[in-house]
Amino acid sequence: MAAQPPASPSPQARRQAQILALQAALAARDRHAIQRLLGQWVHRQGVSSLAVLGQELAAAEPEAWAWWQSLQSQDPEPVSEEPPPRLEPQLPRATRPAPAPSHPAVVQLRAWLPDQELRRAA
């Protein structure tokens, strides 16, 4: 009999795991982990659920949540109206190919061409 794959966690279990990870990051005062986890939260739950999450985190870790809020009020992320400048790839300058070696047939064909001085005069 084949073994059944483990069942995926329920949405409630995933939500609780995310909250526990946020609480751990707040307790450790890990700025980058908090930003990453909040970004994941917004991606999965939506922006409207941030207020409820903030209340939940403030109830669990009031001091750490106050630290995070003070950090956000001090250092807001700059919002730029202009898109970042587009970087053009720097390609090497084209160089002229080396002239082909003179093949006897090419020399013969060139003999039929008018001279450059005659072409300029025309």
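Before you select anything, here is how helix geometry is handled: axes are lines fitted to C-alpha atoms, for helices over the stretch in contact, and angles run from 0 to 180 degrees between N-to-C directions. Helices (H or I, at least four residues) and strands (E, at least two) are DSSP runs, numbered from the N terminus.

You are looking at a predicted model, where local features need pLDDT of at least 70 and side-chain atom pairs count only at pLDDT 80 or more, while totals for chains, interfaces and linings use all residues. Residues are numbered from 1 along each chain as its sequence is written, and side-chain values use heavy atoms, with hydrogens and water left out.

**Stop 1: the whole chain**

Start with a cartoon view. The chain has six helices and zero strands, and reading along the sequence gives the pattern α-α-α-α-α-α. Colour by accessibility next: 16% of the 122 residues count as buried, where buried means under 20% relative accessible area, exposed over 50%, and partly exposed in between (1.4 Å probe, protein chains only). For contacts, meaning heavy atoms within 4.5 Å, take the pairs at least 6 apart in sequence: 56% of them join residues at least 24 apart.

**Stop 2: helix 2 against helix 4**

Select residues 31-45, which are helix 2, and residues 62-74, which are helix 4. At what angle do these two helices pack? The angle is about 90°, and their axes are 12 Å apart. That makes helix 2 roughly perpendicular to helix 4; on this scale, angles under 35 degrees count as roughly parallel, over 145 as roughly antiparallel, 65 to 115 as roughly perpendicular and the rest as oblique. Now show side chains: R31, I34, Q35 and L38 of helix 2 meet W67, W68 and L71 of helix 4. Sorted by class, this contact has five nonpolar, one polar and one charged residues. The classes put Ala, Val, Leu, Ile, Met, Phe, Trp, Tyr, Cys and Pro as nonpolar, Asp, Glu, Lys and Arg as charged, and the others, Gly among them, as polar.

**Stop 3**

Move to helix 1 (residues 11-28) and pick Q18. Is Q18 buried or exposed? With a relative accessible area of 9%, Q18 is buried. Setting aside neighbours within four places in sequence, Q18 is in contact with L37, Q40, W41 and R44.

**Stop 4: the salt bridges**

How many salt bridges are there? The count is two, taking a salt bridge as a side-chain nitrogen of Lys or Arg within 4 Å of a carboxyl oxygen of Asp or Glu. Select E56 and R15, whose side chains form a salt bridge at 3.3 Å, N to O. This pair links distant parts of the chain, with E56 in helix 3 (residues 50-60) and R15 in helix 1, 41 residues apart. E56 is partly exposed, at 28% relative accessible area.

Then select E63 and R29, which meet in a salt bridge at 3.5 Å, N to O. E63 lies in helix 4 and R29 in the loop between helix 1 and helix 2, so this pair ties together parts 34 residues apart in sequence. E63 is exposed, with a relative accessible area of 61%, whereas R29 counts as partly exposed at 31%.

**Stop 5**

Most residues other than glycine have a negative phi.

Finish at S49, in the loop between helix 2 and helix 3. S49 counts as buried, at 17% relative accessibility, and its side chain reaches the backbone oxygen of G46 at 2.8 Å.

Terms used: Polar contact = N/O pair within 3.5 Å; in protein donor to acceptor, adjacent residues only side chain to side chain.
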